[in-house]
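Please walk me through this model in the viewer, one selection at a time. I would like to know what to pick next and what is there.

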Amino acid sequence: MRPSYISLLGDRRPLAARNVEAAKAEIAHNENMSVEALSFSVNGLLLEDETLLAGDIIVAAEVDGGAKGKKKKKNYTTPKHVSHKRRKVKLAILKYYSINDGKIQNLRTNCIGNCPDGVKMAIHHNRSHCGRCGITMFKEDA
Ligand SMILES: [Zn+2]
């Protein structure tokens, strides 16, 4: 059987070479690759240069990673997402009430979910949210 190889493009090309060493040189020349980038293996076993060819060689570009070393670090083009950090607000409960003429006014809605008394809902521009049970209530005028 006349040796041939499957190129990176997937088409079959004939080989004049009769052993692995010559085939490497031939394929490297044809495919514009370096000989070092080529390695031939059959069923996971690397072929020695002196091995005579029998059948098709499938050319695969050298892949980063695997046994050849660490994978190249990916270069990100967009800035890293800055995750929300919870800031500790001391005595935040004081902001939940105001005192007018000696009367206490509740500025935050109590949670309408299943939370016990005293659990307030956070106020956002268009909704109220309970951080304890996760309920969200949208304002109608938003
Ligand atoms: Zn709740």
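**Whole chain, then details**

In this predicted model, 31% of the protein chain's contacts with a separation of 6 or more join residues 24 or more positions apart. Of the 142 residues in the protein chain, 9% are buried.

Next, select residues 20-31, which form helix α1. Its 12 residues reach 16 Å from the first C-alpha to the last, close to the 16 Å expected at 1.5 Å a residue.

Within α1, show the side chains of V20, A23, K24 and I27, the buried residues of this helix. They lie on the same side of α1, because the arc they cover around the axis is only 105 degrees.

Just after α1, N32 has a positive phi of about 60 degrees.

For the last stop, go to the loop between β6 (97-100) and β7 (103-106) and select D101. Is D101 buried or exposed? D101 counts as exposed because it has 5 C-beta neighbours inside 10 Å, and the cut-off for exposed is 12 or fewer.

Notes:
Residues are numbered from 1 along each chain as its sequence is written. This is a predicted model: local features need pLDDT of at least 70, side-chain atom pairs count only at pLDDT 80 or more; totals for chains, interfaces and linings use all residues. Helices (H or I, at least four residues) and strands (E, at least two) are DSSP runs, numbered from the N terminus. The expected span of a helix is 1.5 Å times one less than its number of residues. A residue is buried if 20 or more other C-beta atoms lie within 10 Å of its own, exposed if 12 or fewer, and partly exposed in between; C-beta atoms are placed from the backbone. The arc is that of the directions from the helix axis to the C-beta atoms. Two residues are in contact if their C-beta atoms, placed from the backbone, lie within 7 Å.
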